[in-house]
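Here is a brisk report on one protein model.

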Amino acid sequence: MNKYNYKLIAIVLLVAGIWSSCKITKSYTKPTTSVNYRQPDNKDTINMATMKWSELFTDPALQQLIAEGLAANLDLKIAVERINQAGITLKLSKAAFLPSVNGNLSVKESRLAFPQGFGLFDQSTQYDLGIAAGWEIDVWGKLKSTKKGALANLLATDAAKRAVQTQLIADIANSYYELLILDEQLKVLKKTAKNRETDAETIKVLFENSIINGVAVVQSEANFYEAELAIPDIEQKITETEHALCVLLAKSPSKIERSVLEKQKLMYDLKIGVPMQLLANRPDVQQAEYNFRMAFEESNVARAYFYPALNISGAAGFSSFGLKDWFTNGGLFGNIAGGLTQPIFNKGINKARLATALSIQKEALYNFEFSMLKASEEVSNALSKYDNAALKEEKRKKQLEALFKAVEFNKELLNNSTTNYTDVLTAEQNLLTAQLRGIDDQSQKLHAVVNLYRALGGGWN
């Protein structure tokens, strides 16, 4: 290669360097959004989401189930594979900065006929051995933006995996507590059915002694069967909840070993922190922010397509028409070239590419803002449910005390023939309803704590 060619390449690089001083791609800044919880007096900077799940859920049986779920859940395994895929994409984007090198080995045989014909041919064999290299210099930051976008995609998939983990822990805990609630309801129904069976036997004795009429006998029997018939429904719900929990644990339907409701800790020091901590703690919000960054970098790539691409290529090797001359100075060749490729007739494609990228960027921004609003809503709802359940708890205790006394008084009056069985039946039904609602109050508190923990982004750290 002569000096003129080197000077030409140097000029091309100089021009490219001057053009690259004009900033084509934009610098990324995090999106900002303003959200708040529906708790104006909240000044806490401590967030319960920073607690490890094993510190919040102290029931050993529940801890064992969560550990099994984290090890075997299929959704979590799928999320991990997506992280692996995104990591490979990032490696590919980094490789784009390096020159591409290809080796070539070929043997080409050709036959050429003489102009006058006569059936005569000139036959030759060409032997080629060489390497060729090409390199696109990232003048406008296209490759750099592509790499940043791939990194954002990797971080987004990692955040998605942590979001799956947070949701998984919440789902396992909620299913576990639901089983405890159903167990308690079943316990109350069985006890109620046993009491009503005893009542029915007592009513028969009173009827045989002509103290009450036959209507009370059939009513007491119907009352007993009503309690009995509610038991299979609860048992079916328990079975279905166990099976749903098994799916989370990635195992076949089976019985779930568990504790009892009365051993669960129902009072928590709920610290929700400040709303902007959702950016640091909640994985789905982080995922939405990384998706926005990925879309932002894609728009940078689209802008770079409007400007010339600088490519440098070179080749070297041996080429000859005979094996004896293959590896000689006469067969040695080499070349190097540099050039700028400027789009001229495809600006419509480039404009469409940029418009699409900008639209996707706006969509990603709206998704980020929505994720923040949704997170704020879920936190506020969980707080409200917990507070309301706590308010009902004390009043429910007083209601149950009064209803227990009402049942006892009505039975005494029935034994003395000063009331009818309808009053006893009403009192028992009111008591059963209040007992079930009391269990529901406890359920609401437990689920509220779990959902608040998830809404704040707890469970992945």
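Alanine 250 sits in the loop between α6 and α7. The model is predicted. Alanine 250 is not a glycine, yet its phi is positive, at about 60°. The residue counts as partly exposed because its relative accessibility is 35%, between the 20% and 50% cut-offs.

**Salt bridges**

Arginine 258 pairs with aspartate 183, and the closest N and O atoms are 2.5 Å apart. This pair links distant parts of the chain: arginine 258 is in that loop, aspartate 183 is in helix α5 (residues 142-208), and 75 residues separate them. Aspartate 183 has a relative accessibility of 23%, so it counts as partly exposed.

How many salt bridges does a search of the whole structure find? The search gives 11. Three of them are set out here.

| Arginine 258 | Aspartate 183 | 2.5 Å |

An α-helix has 3.6 residues a turn, so residues three or four places apart point the same way. Glutamate 297 has 2%, so it counts as buried.

A network of salt bridges links Arg282, Asp284, Glu378 and Arg454.

**Serine 380 in α9**

Helix α9 (residues 347-415) also holds serine 380. Is serine 380 buried or exposed? Its relative accessible area is 13%, so serine 380 is buried, the cut-off for burial being under 20%. A polar atom of its side chain lies 2.9 Å from the backbone oxygen of serine 376. Leaving aside residues up to four places away in sequence, serine 380 touches Tyr37 and Arg38.

**Glutamine 442 in α10**

Helix α10 contains glutamine 442. The residue has a relative accessible area of 24%, so it is partly exposed. Glutamine 442 and glutamate 262 are 180 residues apart in sequence. In space, their C-alpha atoms are 9.7 Å apart.

**Helix α3**

Helix α3 covers residues 60-72, 13 residues in total. From its first C-alpha to its last it reaches 18 Å, close to the 18 Å expected at 1.5 Å a residue. Which residues of α3 are buried? They are Leu62, Leu65, Ile66 and Gly69. Seen down the helix axis, the buried residues of α3 fall within an arc of 100°, so they line one face of the helix. Pro60 and Ala71, on the other side of α3, are exposed.

The N-terminal end of α3 is capped by aspartate 59. One of its side-chain oxygens lies 2.9 Å from the backbone nitrogen of alanine 61.

**The protein as a whole**

The protein has 10 helices and four strands. Along the sequence, they follow the pattern α-α-α-α-β-β-α-α-α-α-β-β-α-α.

The protein has 461 residues, and 40% of them count as buried. Its accessible surface is about 26,300 Å². Carbon and sulfur atoms make up 57% of that surface.

Contacts that span the sequence feature here as well. Among contacts with a separation of 6 or more, 83% join residues 24 or more positions apart.

Terms used: Residues are numbered from 1 along each chain as its sequence is written. This is a predicted model: local features need pLDDT of at least 70, side-chain atom pairs count only at pLDDT 80 or more; totals for chains, interfaces and linings use all residues. Side-chain values use heavy atoms; hydrogens and water are left out. Helices (H or I, at least four residues) and strands (E, at least two) are DSSP runs, numbered from the N terminus. Buried means under 20% relative accessible area, exposed over 50%, partly exposed in between (1.4 Å probe, protein chains only). A polar contact is a pair of N or O atoms within 3.5 Å; within protein, one must be able to donate a hydrogen and the other to accept it, and residues adjacent in sequence count only if both atoms are side-chain atoms. Contact means heavy atoms within 4.5 Å. The expected span of a helix is 1.5 Å times one less than its number of residues. The arc is that of the directions from the helix axis to the C-beta atoms. A salt bridge is a side-chain nitrogen of Lys or Arg within 4 Å of a carboxyl oxygen of Asp or Glu. Accessible areas come from the Shrake-Rupley method with a 1.4 Å probe; for residues, only the protein chains shown count as cover.
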